[in-house]
Amino acid sequence: MSVKTFAAIAVGSYELSMKIFEFSGKNRMHQIDMLGRRIDLGSDTYAYGKISAEKVDELCRTLKEFTEIMKAYKVDEYKAYGTSAIRETENAAIVLDQIAQRTGIRIESLSNSEQHFLDYKSVASKGEDYRKIIEDKTAILEIGGGSIQISLFDNDTLVSTQNLLLGVLRIQEYLNRFRVKRSNRENFITEMAMAQLDNYKKLYLKDREIRNLIVIDDYFSPWVIKKAGGEQNRVVVAREIFYKALEQLRGENPARLSVALDIPEEKVPLMFVSGVLIGLLAELMDVKQIWMPGVTLCDGIAYEYAEKQKLLRGEHDFERDIVACAMNMNKRYMGSRKRAEALENISVTIFNSLKKIHGLGSRELLYLRLASILQECGKFISMMNIGESSYQIVMATEMIGLSHQEREIVANVVRFNHSKFIYYSGRNDVCGLDREAYLTVAKLTAILRLANGLDRSHKQKLKGLKASLKESQLILSADTTEDITLEKGFFEERSEFFQEVFSIEPVLKQKKEI
Amino acid sequence: MGAIDFCNPKYYTNRELSWILFDRRVLGEARDKNIPLFERLKFLSITASNLDEFFMVRVASLKDMVNAGYDKKDIAGMTPAEQLAAIDTAIHELVDMQYSTWNRSLTPQLAKNGLLVIGGHEALTEEEGVFVDRYFEENVYPVLTPMAVDSSRPFPLIRNKSLNIAALVRKKDGKGELEFAMVQVPSVLSRIIQLPTDGKARRVILLEEIIERNMNKLFLNYDIVCAHPFRIMRNADLTIEEDEAEDLLKEIEKQLKKRQWGEAIRLEVEEGMDKKLLKILRTELHMEEQNIYEINGPLDLTVLMKLYGLEGYEHLKTPKYISQPVPELPQGCDIFERIREGDILLHHPYQTFEPVVDFIRQAARDKEVLAIKQTLYRVSGNSPIIAALAQAAENGKQVTVLVELKARFDEENNIVWARMLEKAGCHVIYGLVGLKTHSKITLVVRREEDGIRRYVHLGTGNYNDATAKLYTDVGLMTCSEDIGEDATAVFNMLSGYSEPLVWNRLSVAPLWLKDKFLYLIDREKKNAQEGREAHIIAKMNSLCDRNVIAALYEASAAGVRIELIVRGICCLKTGIKGVSENITVRSIVDNFLEHSRIFYFENGGNYEIYCGSADWMPRNLERRVEILFPVNSPGLKEELLHILECQLKDNVKASELKPDGTYVKPDKRGRSLFQSQEFFCQEAIRKAKAASDEIAAVSRTFIPAQHAEE
């Protein structure tokens, strides 16, 4: 049996880490080594916008060591991702190229939502534990330096996800700027956080009942896991016990804690901020238990790789989460669920019948589904300018699991569904999309426009629509007794762009009941 | 009952004084008439080399403290100055006893057995005189560097631990003042010179006597007024400024050269040295009265080890013991396969160290091995392990070696090996800043059909095939996944990566090994309080950590039975009412140096056994990287318990610590004698024989053809 060895490298804001995994069939993902070294890139990036040469040297030195270790393990493949410190560096492209030249390791920069998506995957990599917890009503709280991300799950599906600017470094910065006394810190954090969390509760949480809280953070959970000792991967604590741990942290002096935990003293206050935030959310949601799986980005990277390579059968359907998320957006902007579903149906039917022509895959089908669901959300803002407004809404809303470019594609399809298509001209390109992405936008727009024409009345008249490709014609046969004059009319108007893109003439046929 | 303060200094013994008691126990062996004569020479020699090291490190650092005006009290409530005073008295007593042993019992015994050590050149016969003078001219004279002191030539630098002859000389013309002159006794020549024999008794003389006799040939224009040997000891405590040290390796090389010229802290002179001569030495070396030792006999008794090595006299030595094969690991077996069958325990030197070397040799050759990682602390000259590691690197394996440069007195040696490994392509780590890496661990990563498998060897002794024949140690070979993961984490940490969140099985100092011990002791205490069986047996080299001792006192007071087997320093006192009535301490000093550390905890009937590299000393638990590993397989646990039980049964080589602070051999009347080391030797032979018989039995069995029954 062949064993695949994979290295996941995460270039975090203050730590560079690598995990080596082994995939040996049997759906087994096994971590065989873990290396972490503290390199503070974040301070440079956040303060000066650039990473200093010394830090790049340090980074390269460690990456070079990583390559040696990878060689020793005979690693088959690796993936290296950089998070916010890399993302927000002005000269990221130059730095990354330099690193690639010097070490042979290509680091890709992760967008915020991609990073969160990988975080979810890292939790999912815990397999059975994850499934059991997420079946119940669950929230995932990710605590980062700049912001926190709260995602709600219900019955194994992501319901909503929101990013709040309450990251620990940010809060710590305020604490320092306003010279908040030690004794008053908790109050300050609480006030600052609750101002935002109250809104969050009103808008998204409402009276949704949440039972479990999954916490992903680099500050507080390592401590709890360490305290728990041996029981790796399974640190589930009841809320009361969590409060006890927090209580202990309140009383400890930073110098002592730093020695006991082997962390630098300046990290101790961050741990405290993180702990208070977890406490606030646990109270806000009235959760029963808190799970700190102690996973890191590396776990997510490896899980994603394994899924792609079909080394693991993913137990969780992440695409479903993304679609559910879009449905929720549609609902928030007063869109009709029925219409969205109908449109999605028609688009998918057309897409599938054209497989040979458009050459697009399942990921693109997902974009089309999302665009179908979201195509009208802009009318919440303006009935006249639906295209632009929808585009803005999609771009402004995070959808976990979509990369920035993917979101751009969906948003553009939504836009051009309503407004004039802008052609690609090499230099003056559409919102930074490359040629490939541009073509995808064009093809999906053509399909969506056609589908939209088929439901012009918004009455879902064409329920049993069938599509089949006959030479240069796409025959769409509708099984309905209703009057479809409106649809027919718009259909012809809309098919123009479709013909331009695919060189195929769509023909609508009504098959009346006997 | 009022609460007892278990940390009260009156419950503790000063560690230096306890160490001196240990050296006296070794001296006790040299005085034991039941021991073969040449073995007694060896023990006497050991007491001398021990004492040298003690001076260079312990006395030196106490002097530093006094000089620096540091007067923090030790565990027993003594200031450095008080300690020095107490030590001086104790050492003078010890030295007197060393030389009375030499003069009164060993020299006459040697003479009786036909070996005459001539005390002074004055006692040579005429023919012998001619012989040594010729020997001097041919062999000694060319390597000598005589030095005289006058206004134009300053007082020479005298090398640490070197043996020298000092003389007062006067110009031949009879005028002028007495001048100081000296010459170093060359260490490149053998210090023992055999005189021609007429076939009867063998006669030997020491080199310095021959030089003394020929002093006039070194200072031709002078008359030799008097000449006497002397020896000095210098402060050698190596404290490295690591924060400033750009390159640790270079720094240590620099320190090594400096070490020879540290402050002089001990002066040994021949008894009856001319007063004027002594005064010059005293003034020039800034010696205080109490640090001068007037010696009645040859200076530097470590020479007796050379005497031990003289050919012949085998009947006066203990027959050499040959380490036995390990039954689980017969020669030529596939070690990895054997480890996969189950954990293996090695007990050195009763069992051979060869499998450990083979483990690395096989790993170096094995196609599937990806990486070998090892910590090296003290390595023997010509180490086969180094050769195997270099081989592995040349075969393209990733080889990571941590060479601890801070191993006391061995730095020079270690630097050479480290360089050699680097050349072969190994990744060499030169220890950690601020911490000495004392743990003994080897990790072999092997790619097997179902993925990576890790093989680990953990030991209580260094990877030194030479000392493995002399030190008692235990080692464990395992491929347990938990321990393998931990071992990987240990090496990652040694390479400068972060500590893992969770350790599976190993406890690592200085991270939290001490907490682990305190926890284990406390657990016994709680068990005792709840009326359960509570029992601790711990075997180690030294016990001087205040927190651990206080915890032991508390446990004892709660009713835990505590049996300690501590070879050397023990700051704990036994038999204090309400404090340590349940604690016994015994020390075993025998042919092999007791070195293994084994810890037994009753744990309410489900006993646990740990082994490791750490003593219960603050330096082990706080300033070194140490590993404590549990032994889980029931069979191996029993073996370890058996080792402890045998040592507790020993009534020949064990001494027990009495409440008055003395060590006394147990009462043997009416009891059969039991000597644990001897027993282990015999046991290893029996086991090896049984195993080889079994193999023989298998290979020699014929299978007769049977009549096929219907």
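Predicted model: local features only at pLDDT ≥ 70, side-chain atom pairs only at ≥ 80, totals over all residues.
Strand 13 (residues 473–478) of chain A runs parallel to strand 14 of chain A, and six bridges join the two. Both strands are part of an open sheet of three strands in chain A, with the order 12-13-14 and mixed pairing. Strand 12 (466–470) and strand 14 (505–510) of chain A lie at the edges of this sheet; each has a single partner strand, so one side of each is left without a neighbour in the sheet. From one strand to the next, the twist averages 25 degrees.

A further open sheet of chain A is built from five strands in the order 3-2-1-4-5, and its pairing is also mixed. The bridge partner of A:Thr5 is A:Glu22, in strand 2 of chain A. In general, strands of a sheet pair through backbone hydrogen bonds, in either a parallel or an antiparallel manner.

Helix packing was examined for one pair in chain A. Helix 8 (residues 185–205) and helix 12 (residues 268–285) of chain A pack at an angle of about 40 degrees, and their axes are 10 Å apart. The crossing of these two helices of chain A is right-handed. Helix 8 of chain A contributes A:Glu186, A:Ile189, A:Thr190, A:Ala193, A:Met194, A:Leu197, A:Lys201 and A:Leu205 to the contact, while helix 12 of chain A contributes A:Val273, A:Val276, A:Leu277, A:Leu280, A:Leu284 and A:Met285. Of the residues in this contact, eleven are nonpolar, one is polar and two are charged.

Chain A as a whole contains 21 helices and 14 strands. For its 514 residues, a compact globule would have a radius of gyration near 24 Å, and the value of 25 Å for chain A agrees with this. The C-alpha trace of chain A spans about 85 × 50 × 45 Å along its principal axes. Of the 514 residues of chain A, 45% count as buried. Among contacts in chain A between residues at least 6 apart in sequence, 71% join residues at least 24 apart.

Chain B has 18 helices and 27 strands. Its radius of gyration is 28 Å, close to the 27 Å that the globule rule gives for 710 residues, so chain B is as compact as a globular protein of that length. Along the principal axes, the C-alpha atoms of chain B fill a box of roughly 110 × 75 × 65 Å. In chain B, 43% of the 710 residues count as buried.

The two chains meet in a contact that takes 24 residues from chain A and 19 residues from chain B. On the side of chain B that touches chain A, strand 11 (369–376), strand 16 (451–459) and helix 13 (481–494) of chain B each supply at least two residues. The residues on this side of chain B comprise eight nonpolar, seven polar and four charged.

Note on methods
Residues numbered from 1 in each chain as written. Chains lettered and ligands numbered in written order. Contact = placed C-beta atoms within 7 Å. Helix = DSSP H or I, 4+ residues; strand = E, 2+ residues; numbered from the N terminus. Nonpolar A, V, L, I, M, F, W, Y, C, P; charged D, E, K, R; others polar. Axes fitted to C-alpha atoms, helices over the stretch in contact; angles between N-to-C directions. Left-handed = near helix turned anticlockwise from the far one by under 90°. Pairing = 2+ DSSP bridges. Rg over C-alpha atoms; globule rule 2.2 N^0.38 Å. Buried ≥ 20, exposed ≤ 12 C-beta atoms within 10 Å, placed from the backbone.
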